[in-house]
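Here is a quick tour for anyone meeting this structure for the first time. Have a look at it, then read on.

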Amino acid sequence: MNNLLKGGLALGGTALAVGGLRWALSSEPRYAPWEKPRFADFENRVLILGGGFGGYNVAKSICEMTRKRDDVGVMVISRENYLTFWPMVPGVVSSDVGVRNIAQPLRRTLIHLGASFRRAEVEDVDFEKRTVTADGHEFPYDHLVFALGAEPNFFGIPGVEKHALPMKGISDAVRIRNRVIERFEQAVLEGGEIPESALTFVVIGAGATGVETAAQLHVLIHEVLAQEYPNVNPNRFRIMLLDALPNILPELDAGLRRVARGQLAARDIEVLTNAMAEEVTEDRVRLKDGREIHTQNVIWTAGARPNSLVEKLGLPLVEKTKGIKVDEYLRVEGFRNVWALGDNATIPNLDDGFVPPNAQAAVKEGKHLAKNILAAIDGRELKPFKYRSQGQLIDLGSHFAVNDVFGVKFSGRLASLFWRGAYLVRLDSPQGRVRQAFDWALEYFAHPTVAQIRDYQAAE
């Protein structure tokens, strides 16, 4: 009888857990399919260009605040139908992070919120007619939001765009991972007779993305692939991290920078600071001081610039950054109904000059801009945007991170657990959150496996 009772309790507990999980992963859409109004029929149409952190959070926040209203319509136009969770992208290189877990579907989420979505490339804007042209179609608006993000900035250095692998998204992280696998396969095929330049990986740019990418390259080579290629000595691979500035991770304090640099040195990742690239060719990087690094694998993380479309449209730009010039309310200078945020805008900050172009700031900007747009629609007073950083979290792989959270600085395994927990709860996709948590739990029992599917860049 006791065994039956225990079995019944266990079965009941399992059923409750499954039911709770199913409830957490599901949500009721705002409109039934036959109830959804056309975007053009709304009295106040908010058209958002870009589906990154900034654009998505504007759309999400407006939809949440107008759930009981029927006069405000929201549409997002983006060239991709997923939101990239940027802080976890470097983890894709080592397969510590799953692609489908951080490529969060935009269409499904926005439709559930009550917004409209179109996957299209923005071509032109007619500010007088208040229309946007994307992929040959016109979309009307009453309020327009520029959230087009950024693109790599190669600073005019010869050969970078042609020969370097940029690190600007998920497909780039997969491409870098595939390059490493290709080098292992090449080493096996050629019986070790492979030039050192083919096994040398140079990451240019030692900000957060560059440091994390270099660290994840080490994890991929030494902790993942080394077991699958017993005939290849992983110590033949060379990882170098270059930056033109005197220090790596300039956004961190000196103490955490030293800890991070010590970790990189312990993994034989060579760090060169005050090293400015002058030219990148097919087989080497030439530095401004005359040195040359022989490599066939250059990864570019050194800079980004606002989307080039903002300049073509004739929007007012800040000369120093080439970002859209906005006021403290995130309104484009000279316009009443045009707004901008994120990486394509240069936003004044009362304390630090300009708001940094990162994901943390973009999320806050999106939520604040949603309130200001609704205030403008309702004739209420706008509120200025003020940004205060919550800190920086830098993952170095191998269960090690360096964190600065509201001035509290810590590093090591605890910092790594904090990094994972902090970003896990910020994943907007419940399914992605559960899958990634399961993957990390499984990691304690088995190393991740990877495969190079050459005809499918986004393969796991």
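This is a predicted model: local features need pLDDT of at least 70, side-chain atom pairs count only at pLDDT 80 or more; totals for chains, interfaces and linings use all residues.

Is Asp268 buried or exposed? Asp268 counts as exposed, because its relative accessibility is 62% and the cut-off for exposed is over 50%. You'll find Asp268 in the loop that runs between helix 9 (254–266) and strand 14 (269–272). Its phi is positive, near 60°, even though Asp268 is a residue other than glycine.

Arg130 also isn't a glycine, and has a positive phi of about 60°. Look for Arg130 in the loop between strand 6 (122–126) and strand 7 (131–134). With a relative accessible area of 35%, Arg130 is partly exposed.

## Cavities

Now for the inside. The model has three cavities of 30 Å³ or more, and the largest cavity has a volume of about 40 Å³. Its lining is made up of Tyr56, Leu83, Gln104, Pro105, Leu106, Thr109, Asp428 and Ser429.

Strand 4 (103–105) and helix 5 (106–113) each bring at least two residues to that lining. Sorted by kind, the lining residues of the largest cavity come out as four nonpolar, three polar and one charged.

The average pLDDT for the protein is 90, and 91% of the residues score at least 70. Residues 4–25 are another story: the pLDDT there is below 50, and the stretch has five contacts in the model beyond near neighbours in sequence.

Key. Residues are numbered from 1 along each chain as its sequence is written. Side-chain values use heavy atoms; hydrogens and water are left out. pLDDT is the predictor's confidence in each residue, from 0 to 100. Contact means heavy atoms within 4.5 Å. On a 1 Å grid over the protein atoms alone, a cavity is a set of points where a 1.4 Å probe fits but cannot get out, and a pocket is an open set with protein on both sides within 12 Å along at least five of seven lines; lining residues have an atom within 4 Å of a point. Grid points are joined across faces, edges and corners, and a volume is the space filled by probe spheres set on the points. Helices (H or I, at least four residues) and strands (E, at least two) are DSSP runs, numbered from the N terminus. Ala, Val, Leu, Ile, Met, Phe, Trp, Tyr, Cys and Pro count as nonpolar, Asp, Glu, Lys and Arg as charged, and the others, Gly among them, as polar. Buried means under 20% relative accessible area, exposed over 50%, partly exposed in between (1.4 Å probe, protein chains only).
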